[in-house]
Amino acid sequence: CLLTFEKGRDTDSFMAAFRIDPREAIRVNQLDTFFNNQDEQVKISVPLIRRLSPDSLSVMEFKNEVDIRIAEKMLKFPLLGEKIEGKWNLRLTRELDINLNRRLFHTEFKPGRLPLFTGKLFNQFNRTDENPIYWIDEKEGRKALLGRTEDKGQLMDYQGYRWVHRRIARNTDSRTLICYITPKNVFTEVNSTTLKVIETGISNQEMLFLCAITNSFTLDWMIRQKVSTTLNMFYIYQLPIPRITTGDKYFNDIVQRTAKLICTTPEFDELAQEVGLESHKNGVTEETERAKLRAELDGIIAHLYGLTEEEFTYILTTFPIVTDTVKQAAIAAYRTFAPLSGDAEIVALIAQGESAELDFKASAWWDIPRNKKEKFNKRISDTVAAFLNVEKGGTLLLGVDDDGSVVGIEYDYNKKFDTRKNRDIYENNLMTAVLNACGQDCGTCIQITFGEVEGKDVCRITVSPSPRPVYIKDGQEEYFYIRAGNSNRALSVREATEYIQNLRQKNAK
């Protein structure tokens, strides 16, 4: 490391370069060239160092301005070592140490002994083929962890699920930050640093979220700039991580995917049930699908940190041992989860997903999967009728598939209007088809507008509640449609009469 400084001045930034051999530079008489060559150096601000490493003021090995820009973006989130009121917090611990607790470490299993969960037993999101080397008598282990505290049979951390990370790792390996969720009833040791669950109050879902974030390329990139061989606690504490929880954007998407990767054996059944997977049987073991889930997690997390595609691609280039297939999958996933551009109101509706008050339909006159024209899509008039028949009305988006992907109404343009992109003609034909099904007097309750999303036209049908019951004729029968969850439910005339009477009685009260 070469440093230059001047007496009597304050330093708010400095020039730096890493992995430079000064002896070689001196030997070939290039020291002056190095100092004068700005391309080989980066300018690092002292405030950035203080934010990245407030305790030790350690300097990350930035290689260029892109590194600094990414670090600045990630620092909008608090460091893990910072305690924040009202948010989940982290406190790490090295549970047992063979050098201090050697008498507790047994090499064979006996009744009453629990496995020691070491770093060799897990990889990112999965167990390795290694078997436990040591076993700990549960009573002895509890006594060692409780110290002078009386054992009253209280619930302890080892009895629940816990986030762990490998302490021994190198920044030249395929991956450096390796994390997992342990099964219940295992002890951990110094090389599988875990966290204090009961003391911090962190939930299982928040630990799953933490596992995904810390296994991501984005966080791995940052820690690789800091360490060489050992991930001590303060490195983990210096990681900027969003403290989001249930209800926050991306949280559920991340937790669900992580649970599918972790919960693949019966010992994780309780965790699977807690997050809605029911059991480990709904976990994912097929390698292609697991790779897809991991790519999606990396793509989502890159968006969570606000990285551009260029920045995320750069991060992936810093993992030379990782295969191009994995990197390309991560970039493709990033693009899939990229925020939509275009009409802000329609984009916001698409982000909400289908619900009792919002429905998506890909097309009105074109069968997209079979690529052929069809009569007017009856499900559109059924949905409009359902919105007319419920108290709050609803919104129907045309040109959006059920999964929220934007296909646009260009298919309808091509079929119905001879490739002319004419919104006025489309609106007129659409309104005519809907009113023919629902009744002409419903026109005052229906508004049709258009917006552009991802460069494609999307049609929005906004429906207000109708002052009268609306029936749709299907063959010789008439049906009364209402919304049930995010789908339509058809009631017979008898069922509809009862439903309307109950609704009127409720409103009268």
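Lys473 has Glu478 as its bridge partner in strand 19. Strands here are DSSP runs of E with at least two residues, helices are DSSP runs of H or I with at least four, and both are numbered from the N terminus. The model is predicted, and local features need pLDDT of at least 70, side-chain atom pairs count only at pLDDT 80 or more, and totals for chains, interfaces and linings use all residues. Residues are numbered from 1 along each chain as its sequence is written, and side-chain values use heavy atoms, with hydrogens and water left out.

The pair Lys473 and Glu478 belongs to an antiparallel arrangement in which strand 18 (residues 471-474) is joined to strand 19 (residues 477-484) by 4 bridges. Two strands count as paired if DSSP finds at least two bridges between them. The hairpin of strand 18 and strand 19 has 2 residues between the strands, and Gly475 takes a positive phi near 70° there. Strand 19 also pairs with strand 20 (residues 487-491), again in the antiparallel sense, over 5 bridges. Ile482 is placed opposite Arg489 of strand 20. In this hairpin, with 2 residues between the strands, Gly485 has a positive phi near 70°.

Another sheet is open and consists of 4 strands in the order 3-11-8-9, with antiparallel pairing. Strand 3 (92-93) and strand 9 (179-182) are its edge strands, each pairing on one side only. Within the sheet, strand 8 (residues 162-166) and strand 11 (residues 192-195) run antiparallel and share 3 bridges; Arg166 has Ser192 in strand 11 as its bridge partner. Helix 7 (residues 204-214) packs on this sheet and touches strand 8, strand 9 and strand 11, its direction making about 155° with that of strand 9. Contact means heavy atoms within 4.5 Å. Axes are lines fitted to C-alpha atoms, for helices over the stretch in contact, and angles run from 0 to 180 degrees between N-to-C directions.

Two packed helices are described by the angle between their axes and the distance between the axes. For helix 4 (residues 65-74) and helix 8 (residues 217-224), the angle is about 115° and the axes are 11 Å apart. From helix 4, Asp67, Ile70, Ala71 and Met74 meet Thr218, Leu219, Trp221 and Met222 of helix 8. The residues of this contact comprise 6 nonpolar, 1 polar and 1 charged. In these classes, Ala, Val, Leu, Ile, Met, Phe, Trp, Tyr, Cys and Pro are nonpolar, Asp, Glu, Lys and Arg are charged, and the others, Gly among them, are polar.

Grid points are joined across faces, edges and corners, and a volume is the space filled by probe spheres set on the points.

The largest pocket has a volume of about 900 Å³. Its lining has 26 residues, and the closest to its centre are Thr336, Phe337, Ala338, Ile350 and Ala351. Helix 10 (251-262), helix 14 (324-336) and helix 15 (344-352) each supply at least two lining residues, with the largest share, 4 residues, coming from helix 10.

Notes
On a 1 Å grid over the protein atoms alone, a cavity is a set of points where a 1.4 Å probe fits but cannot get out, and a pocket is an open set with protein on both sides within 12 Å along at least five of seven lines; lining residues have an atom within 4 Å of a point.
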